[in-house]
Amino acid sequence: MNDFVVNALGRELSGAPGWLTALNRQGRTAGAGKTLPTIRTEDWKYTSLRPLQDGGYAAAPEPLRASVEPLATHFEVPDLDALCMVFVNGQFSESLSSSDAMPEGVSLVPFSRASEAEAALIGEHLDSLANPEGRLFTALNDSWLSEGLFLRVAENVRIEKPLQLVWLTTAQGENFGFAQRLLVLMEQGSEATVIEHFTSTDDAQNAFCNGVTELVIGADARLDHYRLHLEEAGALHVGNVCASLDRNARLNGFHMALGGRLKRIDLAVRHRGEGSHCELNGVYLPRNREHVDYHTVLEHEVPHTSSEETFRGIVADQARAVFNGRIHIHPGAQKTQAHLTNRNLLTSNQAEVDTKPELEIYADDVQCSHGATVAQLDASQLHYLRTRGVSEQEARVLLNFGFINELLNRAGSEPVRQYLRPRLASLFARDPNLARHLL
Amino acid sequence: MLSIENLQARIEAEDKAILKGLNLQVNPGEVHAIMGPNGSGKSTLGHVLAGREGYQVTDGHVHFLGKDLLAMETEDRAREGLFLAFQYPVEIPGVSNMEFLKASVDAVREHRGLEPLDSVSFLKAAREASKTVELDQAFLKRGVNEGFSGGEKKRNEILQMLLLEPRLAILDETDSGLDIDALQVVAKGVNAMRASDRSFILVTHYQRLLNFIEPDFVHVLSGGRIVKSGDKSLALELEEKGYGWLEDEVA
């Protein structure tokens, strides 16, 4: 197992802009001597990293070639009028990305094309939220980093169009791994919508994506952040999203993950300014023998902040889901309001979910709640639909869909909802006829 | 239309007999009202006829349009033309009323050998039905009964009845908790559907509903059996005297 870390740290670097090499070296130093966590580590108790052990996922991807396949079909969202940036196997694809000029006050550039000033800003903020010392995968990400994406929205600038940031993988001859990196700087009073869209071609994937996203949200700024994991089930992903909220800043997060061989996402949101608010909604939908693991941490560090977090999952067949939601109220963070719910539906007696909400409170004047449930479909709902002539099978599809769609309705972008709905419906209905009333 | 003979049923979880030999004959075009004190088995009758889990029929027969109703799956009963308006309609967030109604109507039409309605015709029918029950069209887009008030839920039940065009509709205390305006809307929906080949069973506590929907027969259910039957004047008598005198009479 440790060979993976040794191989990953020993990977030859190529193509990184010179200003990144210091970070590469720091990553190597931070990761040196460390080993992959095992299921004996509390944080990884239910998610095995065994899939990384074999198959040489520490190897670098092949250089990007002009594709004969029309890759855009794998990420185009109809009616979504977005500025699009596309990375294929971690490498920037100019031909697949939008060529529109960015609005005034907006920088959206791959690291490889950053100006000197932009490179300086990137260097200043990378790892300002992520922690290579405390998290091995961040150290590995730093050590591999040759490409990434930087978004900066200047003070009081509002970007009208959503930004669709696509990380697409294709199957290659040999297993490979790559670092995915996004740094977002929302300056005071700015507003943007960012859609991180992880996807792949339809064939069996052999990529390992090691992701780190940092969202620095300034005072009075607002970010709508989507993170969609729609990769083919063979793709491996270990990702980390870190956000910080300054005074009166707002983050609306919508997360969705299909299952896979290994899919683990750590979300950490730090409330660092009074009046900041975070809403997080998420859904996970593993089936067959797939796995999904969400670990979320909400840090309420100052008084008068609030968070509202709702995650739901449907676990089918022999799949397994893990949800760990932690709320941490720091000393002195009075008047915090933090609420977390996690509801799970198991649609098979071999499906498993391991859910753990955690509250850690060091202030005495706060309003907090948390709860987790694991259940099967509601018998009275099922009966009600059947009394109207709907077959039991179709009723199950409708109810599964409704359970998730209720959260999807909270996602602000109608084109994104329209894009995801039929994908959801087809997950619950192996016979497409059963989903015909949902499309 | 519906023929119930010596129906006996119990609630499984409570191991308690509720219906103890109920007989009822409903002919096409008739409206029957079933009244009775709390705990007499009124709601159980509706649940047993609709095929709800947790109710066990221990004896008796029910024939619906000549077929053995109790041998049918719940959805097949509905497709054959049985409709139960729930006392407590269920909320299904995330599934829009429209999706739900289309799925229902398609299933019932398919069973009857009719072509599915195209979405334009369906939308038109749904809008008309919502107008009849005075439910704003916005409710068609909302989740099924999600956040509806008590009265809105009952109107939504009648809306479903209008679209599904059942042969026999059982209204389980549809009048309970309704103000007078909503009650009139429900009655209007039922009266608009009265036809020589369609029957209704109104399960109710109160005579009030029967001012608006005139029944052909009134039955008193007590202790799991029908203890008295009569015409609409029986309802007025019950309103005046309560149920006590009947129990004395039967004893």
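Angles under 35 degrees count as roughly parallel, over 145 as roughly antiparallel, 65 to 115 as roughly perpendicular and the rest as oblique. Everything below comes from a predicted model, where local features need pLDDT of at least 70, side-chain atom pairs count only at pLDDT 80 or more, and totals for chains, interfaces and linings use all residues. Residues are numbered from 1 along each chain as its sequence is written, chains are lettered from A and ligands numbered from 1 in the order in which they are written, and side-chain values use heavy atoms, with hydrogens and water left out.

**View 1. Helices H6(A) and H7(A) pack at an angle of about 125°.** Here H6 covers residues 379–386 of chain A and H7 covers residues 392–408, with the axes 9 Å apart. (Axes are lines fitted to C-alpha atoms, for helices over the stretch in contact, and angles run from 0 to 180 degrees between N-to-C directions. Helices are DSSP runs of H or I with at least four residues, strands are E runs of at least two, and both are numbered from the N terminus.) That angle is why H6(A) and H7(A) are oblique to each other.

**View 2. A look at who touches whom between H6(A) and H7(A).** H6(A) brings Gln381(A), Leu382(A), Leu385(A) and Arg386(A), while H7(A) brings Glu392(A), Ala395(A), Arg396(A), Leu398(A) and Leu399(A). Contact means heavy atoms within 4.5 Å.

**View 3. His370(A) sits in strand E19 of chain A.** The strand takes in residues 367–375. His370(A) is partly exposed, at a relative accessible area of 36%. (Buried means under 20%, exposed over 50%, and partly exposed in between, using a 1.4 Å probe and protein chains only.) Setting aside neighbours within four places in sequence, His370(A) is in contact with Leu340(A), Pro357(A), Glu358(A) and Leu359(A). Val157(A) is 213 residues from His370(A) in sequence, and their C-alpha atoms are 36 Å apart in space.

**View 4. Chain A has 8 helices and 19 strands.** Its C-alpha trace spans about 70 × 55 × 45 Å along the principal axes. Of the 439 residues of chain A, 58% count as buried. Take contacts in chain A between residues at least 6 apart in sequence: 84% of them join residues at least 24 apart.

**View 5. Chain B has 9 helices and 12 strands.** Along the principal axes, the C-alpha trace of chain B spans about 60 × 40 × 35 Å. Of its 251 residues, 54% count as buried. Among contacts in chain B between residues at least 6 apart in sequence, 69% join residues at least 24 apart.
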